[in-house]
Structures are given as C-alpha cells and as structure tokens.
Amino acid sequence: MILNRAAFIIVALAGSANAQPIEPVEPQDRAVELARPHPQSQEQTIRAVLERINAEFLTDEERAALRVVHGQWNDEDLNNPALTYQIALDIGDLANPIFDDESTPIHARAWSKLNQGHSQQALDLIGKLDTQTIETTLISARAQDMLGNRDEAITQLESIEAQLAKEQLTDADQLAFGCEALIELTRLRAPVVNAKADYEAINALISHARDRVDRLNWRIRNVEAHLLYEHHNLGDAHTAAIEALRLNPRAAAPMLLLGHIAVDGFDFDNAEKLANGLDQIAAAFNETQDSPPAVSSGGAILRARVALRRKDPEGAEQALDPAIDRYPNHPTLLALEASAAAGGYRISSTNRLLTKYNELFPDSAVAAVWVGRTLSDSRQYTYAAEVLRRAIQFAPNWGEPRLQLGLMLVQAGYDTHARDTLTEAIKLDPFNIRAQNSLTMLTELATYKTIETDHFIIRYKEGPDEILANEMPEILEAIHTRVCSDLPGGMNHEPKRKTIIELMPNHEWFAVRIGGMPSIHTMAASTGPVIAFESPREGPKSTAGHYDWARVLQHEYTHTVNLSRTKNRVIHWMTEANAVFNEDGPRDQRQWDLLAGAMRTDALFDLESINIAFVRPKKPTDRSLAYAQGAWMFEFLIEWFGPTAPRDIMDASTTGRSAPEAFELVLDLTQTEFMKLFTKWAREDLRARGLLTPKDLPTLNDLLGDPAAGLPSASKLDELLERHPTHPDLLKLRLGIALALEGDRLSNEQLTLLTDLLLVRPVDEMPHKRLARHYLASESVDDQARAIPHLEFLDAREIHSVAYADQLAELYAISGNNELALAKAIRTTRIAPFDAHAREQAARMALLVNDLDMAEHQLGSLISIEPDRDVHKRRLEALKSMRDASN
C-alpha cells in the first residue's frame, strides 16, 4: 500500500517484523517532480540514508531509531512505545492516545498539547522537567506566546539565541529547534541591528547545520523550507521541502508546506494529492495501532485553503468540521474556520470566531492575517483593511500582516498607501520576494503615463503601448455607457470611483499586478476598482497574443460594476453570466456544442452545481460549460422575467439572502421550478438552431439503427433525405461524405448541401468556413463578394485572429463599400494594435473615405511600430502636404 504519494521516496509498510534492508521506490507524484534537483543528487541522498540505516555496526535498537528518524519504520517499530510517540509526532497525529500515557517523554507530550492549542497544558508539562534543552525552551516560549505573554516568550527565545551564540552544538535536531526559535524571535522582537542581519544569521546557522553537522537531518531542511516560505520564495522553499521529504518521506510538516505552496500557486490538483497523502499516512498508522481512524489536520488545512481560494466557503467548512471535532483548539484550523465565515460574507460569525480565537490565544495576529487574506481575495477591501490593521497592532514586528495589507491596497487601487505599507513590510522582512515584486511593480507604475476620462483613469508605460492607450478613451466610455445602462445586461449603476485601467506591457508585469507573483494564467482581470490587462501583442514575454481587448474589457468592466452595485457580494455564476452576456458577441460553435452535449446527456448544471463547477470542476469541460450555461440562463431570465430580473436577484443576494432565497423572492419560483422552465426553453432553443432533433422528426438512431454498424452509404442517406429533407443530422452526415474529396472550389451538390445545412443549423461554423473558401477561390469579384456574409458570421465570433476582418476589409474595398472597409480595418487594429500590416491597411482604407485624421493617426502608429522604415515618414509627410493643399 502506498502511504505517501507526495513524497519523493515512496515507502510501503514492510509486512514483516524482520529488519530487512530498505529499498527505495520510484516517485509517483508530479508535485515533487516539478522541483526535482539533478537525479544524481537524489540517488546520492537515498543511498546515504539506506547506508546509514543498514550499517552493520548498529544495534537493533539503533537501527530501529534510525528507521523512525528517516520515516522508514515497519510493523515492529510501530509496536514499540519507545518509538511510536516520535512517529505520531512526525506524521502529525497529535491526539494519539500515546500522548496521554505518562511513560511517554514529557517533551513529546508537550509538543502534542502545544500543537493542538492547549498551551497552558504544554507549559505545565515543561515545568516538570529538571533541565531544559533548546527544544523544551522553544516549546515553553511558544506556549507563553500563545497565552499572550509576549515579553516572557521573547525572554525565553533570547536565552536560546544566547546559547546558540556561545555554544558549538553538534546535535542537528537541537540546531533545527534553535533556528525555529530565531525565526520566532524575528516575528516578536524588533530587529536588534536590522532585519537583514537577523535573517542572514539564521540562514548561516541553517547552512552550518545542514552542510557540516548532519547532511541527513530532515528537520533542518524543513526549517529552511519554512524560512524560505515566509519570504515567499516559493521555488527554493519547494526544493528544501522536497529535500526534507527525501530524508523522511512520512514527515507531515514538509508535506503540508508543499501543499501550502501548491495552493498559493493555484495548483489545486497537487494540493489535493498532498492532502490525501497526509490522510493516508495517518490512516495507515492508526490502523496498526488499533486506534479509531485519525483525522489529518494537515489534510483538512489544505482542503480548506483550496476551497477558500476557489471562493467556496461552504466547502472549506466541510473540510474543517471533522478536524475541528478532533482538534477543537488547533490554532490554524480555528483561523481557517473564521476565514471560511469571512469568505461567506458572514461578518457577525467572523467577528465571533475572531473573538473566540483571541480568547484562546490573546493578542495573536495569526487568525486576523488568515481572515484578512480571505477578505481581500473576496474583494471585501474595507473590512480586510480593518482586520489586517488589527493584526499589525497585535504583531508590530511581524512583516506578514503589513505584506497582506499592502497587497490588498494594491488590488484596491490605493497605490500610495500600498507603497508605504509594503516599504514597512520590507523593513521587517527584506528578503520577502512577493513584497519586493509588488513594491517594484508599484515603483514601475509610478512612472506610467496617465490618461483620464469621465469614468476611467488609463495608465500605461511610455513607449509602444501609447499607441493603444490613446485609442482607448472613446471605446472605454462607450463600454461604460453600455454596462451601466438600463439595457438588458446593464447594471443601471455607476461606480463611485473612476475605474483604473492598467495596460501592462507583458504577461510578467500583468501577473505581478494581479497576484504579486509572475505566475498568473490569464490576460485580464478585475479586482473591482482596478482592471489590469496584458498588452495584446505577440512576443516572447506575452502569453495572450492578439485578442479583442475591447470585448475583454467590456467583460471585466461588467465585473467591476457588478461588484460596486452589490458591494462585492454577488452570486458567482451570475456575475460571470452577466459578464459573458455583456460581451455582446454571439455564442460560438464550441459553446453551442457544449450546451447541446450537456442537454443530450442530462448534464446541465442546476443552480447549485453551476457555482461548484466554477470553483471545483470535476471534468476539464466543467468550467467552460458553466460560463456558457450561465450566459444562457441569463438570457432566459431576461427573456422570460424581464431585463431587470437579474439585477433584482443580485440585489436580493446583496442583502444577505442565499441564492435560493433570492430566486424565490424575485421570481416566485423555487430553484427546481426555475430549472424546469429553463430546461424546457433551452431544449426548444437548441431545436430551433438544429442542434437537437425537432419533435416532428425521427432521431438518427431511429433512422439508421445501431451506430456500431458503421456509416450508411451516400445513396442510403439520399433516400432518407428525400423523406426528411430538413433533418440536420442527416444533412451533416451526407455533407461529410460529399466533402471527403474536395478542392478550394465546390461542386453544385456540395454547395446545395452546405446551403441546406445552414438553413437548418445556422450556428454551425463549418459551412460558413467552407463556403467562404469556395467564393474566395473564384477569380470573379462578384463571386468573392459572396464570401462576405460568411466571413462576417465568423468574424463576429472571433476574439484572437484578424484573418476574417482583414479579408473583409479588402472585399468591402473591392466592392466599393469603403466605409465598411474602414470599419473592418479598424477592427483589425483593435485585435492586433501593434501589427504593421493592420495599421497600413487601416491608413489605406481611411484614405478611401477621405478621413485624413484617421489616416494620419494610423501612419503615426506605423512610425511608432516600425521607426526604422522611412517609407512611413514619407507617407505621413505626403499626407500632411495633401491636407495643407486642401486647406
């Protein structure tokens, strides 16, 4: 049985009590593979661990102890109480009955009590010891801190600091505990000289313990991983945690840290694998102990964090409940419980849980930081700022609360305050990569130029992006008019503040702007008051390439206005549906196919599962289907219940009503009744578009029998089409046969079939593409013009490519429709604003309609895009001469 799928060394319980030499097993988890150092280093580490455990000179007791140290324990070890307590501590089974046994060493019992949140009990146990070690002093200091006795905690931690300074310790475990104490001290005490010196001293001690005292000690690498993680150096923290797991693949602490790193990086699949690994180890251990099944606190923590990041507070609570039942005072579990209440906008419950937390752990900033982060993620900026400032008061020397407040202020668009706060955070934690990234970004933004309109502040980096920025004001104001209007999909509301639109020059800057780290995978995002988007250009630093930025911003601005009207409390699927609806673009075939497939297989979401599909998709297509179905239901709401119905539902949810309550209040329907009506309407919509077989026609299976028999012949299909000439599925099959052998030009039979299919299935893109290709291949200008309606159909659904708009511009010009030619040429410049061909085409089309201002603008843009091409400058000079002559 594999116990730990997340560890680099996968170990199975040995089925024998005999102490056999241990053999490594190949790793199976991708989370570990991502940061794997050179394979030779891996092999050397494994070999060294095995040589240590299997050394011939060891006694049986010494070998058993080493098996436990390195997580290679077997059944015999599990039956040895002298070893079992350490195994329970390492895997995080804090409530194991062994810790109630007075024969268990006091320090182990104290760790159990402390990590469960029973700080006074831990302190009482430590008080029974005649002598103290660094480890027991650390336990005592943490207990004092949890009890609110900061000065006493600092005094005890400083005693460890003094001992480390004067003694040359050779015990790597005690050095690891000493490093933990020094890290704790940096959170509680103001820097003695400066924070940089403090952290460098800790790092030097870790390096000494790791490289000179004991190269095979997993604890010291675990401490190193946690130190790096505190600085938000996720890559190196991941590597250090992997090294710790190589040395003890069943250790919960580094596995939990890897899970935190995965959640921070939105790698939810691997976070879930790591949570499962923690659960499996705990379950296997308790099975051998004849104990009740253990609840892994680490697994619960990771699942709750994943749920919160997915905006699923109920899922977080479900993950936490069994763990809190077992560990009712566990500090992190209780902090996340308060965070789940905050994520669900339950302010009274949040305040109650924070009060409860501070009664257990006086003046602790931990819960406030977790809650503040969750509130910030939920865009509850005012309350987040209040909670995070409270955390700063509790822990004035800890950099994390200031970092989280600074990041929140960045998202809220308060750059000056954010810069000041992040500067203070870096003084306390000068190596914090996320703080450095965000402060660097704010410093960069301060150099950006600004264009201000009635409702927007546009910020952009001086240089090529100025071309696009100068074209944005008119388009943005038109977007504002549409989104804030009383038209269907409009919010009939204007935000109180001007919305900041930040045009980021590449993906790296965009990602840092949105998330504080250069690893976000999208091209535009709204944080409420700020919309950042990646410049639509191709190149090595850009991931989005060309795209219709105006359509994307119309989607994102809908979110901004939604959040403003609802005070950031909106039903998730409805704000996404509203944003897609407000793109004012037709649904493409991929979306129609998803919807038709879901209808055929009875896989449409209900009003609860559609929210889950956004945050916890079970299949790769779930999120795409949720977007498409949400917009479809939004369309149905407007058609059946009027254009104000969606707004009324959102307003009802803003007052604290649940989604079912809001629907019933506004529509006088239960969610089940709504879904019945919607499904009936949706089925007819699909039939009208030829995506479901009409009621008066037999299905394809009825006509053709068992699909396993193979495709029918063309003559058989022709015979069936004579009886059912408007059957969309028959036509599609017959067309597939007819197009099997084709060139650019089509036969009359092919043309007829394509035209017939369009009549009964108008949303199918294939006939439009094939007919456009056919007409464009003609030498006749009149024939080429017949491609226009098909290209228009395709262009209306295109977001990334300029191919259709470019071709349309040329066709309209050839046909003498110069105004339409210019409109399509301008569309190409909106999708590809830095493409020289698009700008040159737009200038040419502008001259056709004698729009000299537009032509001059396009030529000026060309000069900026290709400054080394003198031909653009000559053309611009010629244009100015033409204008002067006309005046």
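Predicted model: local features only at pLDDT ≥ 70, side-chain atom pairs only at ≥ 80, totals over all residues.
Residues are numbered from 1 along each chain as its sequence is written, and side-chain values use heavy atoms, without hydrogens and water. Helices (H or I, at least four residues) and strands (E, at least two) are DSSP runs, numbered from the N terminus.

**The sheet**
- Five strands form an open, mixed sheet in the order β1-β2-β3-β5-β4; two strands pair if DSSP finds at least two bridges between them.
- β1 (449–452) and β4 (524–526) each have a single partner strand, so one side of each lacks a neighbour in the sheet.
- β1 and β2 (residues 456–460) run antiparallel and are joined by four bridges.

**The helix pair**
- The axes of α45 (residues 852–865) and α46 (residues 870–886) come within 9 Å and cross at roughly 160 degrees; axes are lines fitted to C-alpha atoms, for helices over the stretch in contact (heavy atoms within 4.5 Å), and angles run from 0 to 180 degrees between N-to-C directions.
- α45 and α46 are therefore roughly antiparallel, a term for angles over 145 degrees.

**Leu776**
- Leu776 belongs to helix α39 (residues 765–776).
- Its relative accessibility is 29%, so Leu776 counts as partly exposed (between buried, under 20%, and exposed, over 50%; 1.4 Å probe, protein chains only).
- Beyond neighbours within four places in sequence, Leu776 contacts Gln784, Ala787, Leu791, Gln807 and Leu811.

Methods: Parallel < 35°, antiparallel > 145°, perpendicular 65-115°, else oblique.
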